[in-house]
Amino acid sequence: MDSVRFLRALSFAAHKHRDQRRKDANASPYINHPIAVATVLAAEGGVTDEALLLAALLHDTVEDTDTTPEELVEHFGAEIADLVAEVTDDKALDKDVRRRLQVEHAAGASDKAKQLKIADKVCNIRDIAAGPPSDWSVERKREYLAWAESVVAGCRGINAALEGVCDEALATARAKLLSGL
Ligand code: NDP
Ligand code: ZN
């Protein structure tokens with residue numbers, strides 16, 4: 001792992017997301033989320049692949065900021081830009097269509113994109129349990145967990161440790177919703 005490249009990707013993502021916040025009640029800095037996704041891959045999924053870890057840091061830059069795929073190619077190369085493209089929704093489509101396409105496209109994604117998708121869902125599932133969007137009903141949280149589980153279903157078979165981490169995150173989040181906390 002080239003730590004200079006890793007830090008350049010982290011700085012690039014931090015700059016691009018600098019004015020954004022997550023949807024939790026405390027409006028956490030957005031960059032905490034890409035950092036959490038890369039950390040889940042490395043620390044819990046045992047991932048050491050540099051392209052995958054850098055793509056994790058950059059995974060929401062094209063979807064949620066003015067970053068272009070060309071910019072990612074220029075700074076980080078085609079493999080990382082392609083991985084980010086694989087986990088980027090087409091924002092021109094309706095949210096319901098985007099959600100359906102994520103489920104349909106998961107099984108056809110590359111092995112690295114599948115792991116990135118699982119780690120992204122792990123972090124969002126944990127956020128639903130620990131710092132959910134403040135205006136979401138319990139029903140909406142339940143719906144999100146069910147949808148995330150069906151995306152992850154198409155990503156299984158590559159990284160058993162990561163899949164176990166996701167199953168645990170889902171069980172913890174569901175237990176928390178059931179207990180009404
Ligand atoms: P989203 O599904 O877009 O919101 C969840 C996304 O927001 C996550 O995937 C995550 O994406 C990001 N996010 C940011 N902060 C948090 C956080 N604290 N916790 C969890 N996720 C966070 O919700 P939308 O509002 O866009 O609605 C999309 C869908 O919800 C539609 O399909 C709609 O039909 C449905 N809906 C359901 C309602 C209900 O009451 N049941 C009401 C309204 C809509 P990332 O990783 O990219 O940051
Ligand atoms: Zn994300």
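Which residues touch the most other members of the largest nonpolar core? In this predicted model, local features need pLDDT of at least 70 and side-chain atom pairs count only at pLDDT 80 or more, while totals for chains, interfaces and linings use all residues. Residues are numbered from 1 along each chain as its sequence is written, ligands are numbered from 1 and chains lettered from A in the order in which they are written, and side-chain values use heavy atoms, without hydrogens and water.

The answer is Leu41, Leu58, Phe76, Ile80, Leu116 and Ile125, in a core of 50 residues (buried Ala, Val, Leu, Ile, Met, Phe, Trp, Tyr and Cys joined through side-chain atoms within 4.5 Å; buried means under 20% relative accessible area, with a 1.4 Å probe and protein chains only). Helix H8 gives the most to this core, with 9 residues; helices here are DSSP runs (H or I, at least four residues), numbered from the N terminus. Leaving aside residues up to four places away in sequence, Leu58 touches Ala9, Phe12, Ala13, Leu72, Phe76, Ile80 and Val84 (contact: heavy atoms within 4.5 Å).

Turning to the metal site, the zinc ion (ligand 2) is coordinated by His33 (NE2), His59 (NE2), Asp60 (OD) and Asp120 (OD), at 2.1 to 2.5 Å; donors are N, O and S atoms within 2.8 Å of the metal (3.2 Å for Na, K and Ca), and sites may look incomplete because water is not among the atoms.

Note on methods:
Helix = DSSP H or I, 4+ residues; strand = E, 2+ residues; numbered from the N terminus.
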